[in-house]
Every structure is written in structure tokens, then in C-alpha cells.
Amino acid sequence: MILTLEETKKYLRVDFDDDNELIESFIMTGEKLVADVLRVEPETFEQSVTEQTRLAALYAVAYLYEHREEADHHTLVMSLRYLLFGERQVGF
């Protein structure tokens, strides 16, 4: 994982432990979404991480956490594509 629970909770401004499992699942989902948008294999994702990639993953986690009841995944993926356009691979 490229994000830790502690740094993600700080980014989300969450100071309680009740949602730790939920946030950890959003971290895994957010990182998978970013890897998919970048078109990199999961095995090589951690080696290709930049600060922009980390911020995009934090954005994805924050979106999923804040909109967990009514998340629009198409909007999230399109936002990630715009954020990561310069780093996105041409193809798999």
C-alpha cells in the first residue's frame, strides 16, 4: 500500500478509530482505481508512485469516504483521469 491509515485519517481529518476498517478498505479501493487509471499492473504500482499519484489516491479515498452513500464512480474515475493524465500509460 502506498498510503498509511494514519496519513489518510489525517488527510480526512478523522480523529477517531471507529471507521478504521472502512478507511482501510477505501485505501485499497482508491489505490486500485489509481492503478487502473494509470494503466499499470498492480505488481508494479508501488514502484511507479509519484507525489501526484499519492495525492490522487488520497483524493479517491476522500471521495469514497465523504460520498459513501451516493458515490458516483464514473465522476470519480473521470476526475482521476484528469488528475493523472500526464502520468497515464498509453496502454497496458
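Begin by selecting helix 4, residues 73–83, and look for its buried residues, which pack against helix 2 (20–38) and helix 3 (51–66); contact here means heavy atoms within 4.5 Å, and helices are DSSP runs of H or I with at least four residues, numbered from the N terminus. This is a predicted model, in which local features need pLDDT of at least 70 and side-chain atom pairs count only at pLDDT 80 or more, whereas totals for chains, interfaces and linings use all residues. Residues are numbered from 1 along each chain as its sequence is written, and side-chain values use heavy atoms, with hydrogens and water left out.

Within helix 4, Leu76, Ser79 and Leu80 are buried, where buried means under 20% relative accessible area, exposed over 50%, and partly exposed in between (1.4 Å probe, protein chains only). Seen down the axis of helix 4, these buried residues fall within an arc of 100 degrees, so they line one face of the helix; the arc is taken from the directions running from the helix axis to the C-beta atoms. Turn to the face that points away from the buried side, and you will find the exposed residues His74 and Tyr82.

Next, select glutamate 31, which lies in helix 2. Glutamate 31 is buried yet has no salt bridge, and the nearest side chain of opposite charge, arginine 54, is 6.8 Å away; a salt bridge would need a side-chain nitrogen of Lys or Arg within 4 Å of a carboxyl oxygen of Asp or Glu, and for charge Lys and Arg count as positive, Asp and Glu as negative, with His and the chain ends not counted.

Finally, select glutamate 21, also found in helix 2, which is exposed, with a relative accessible area of 68%.

Notes
Helices (H or I, at least four residues) and strands (E, at least two) are DSSP runs, numbered from the N terminus.
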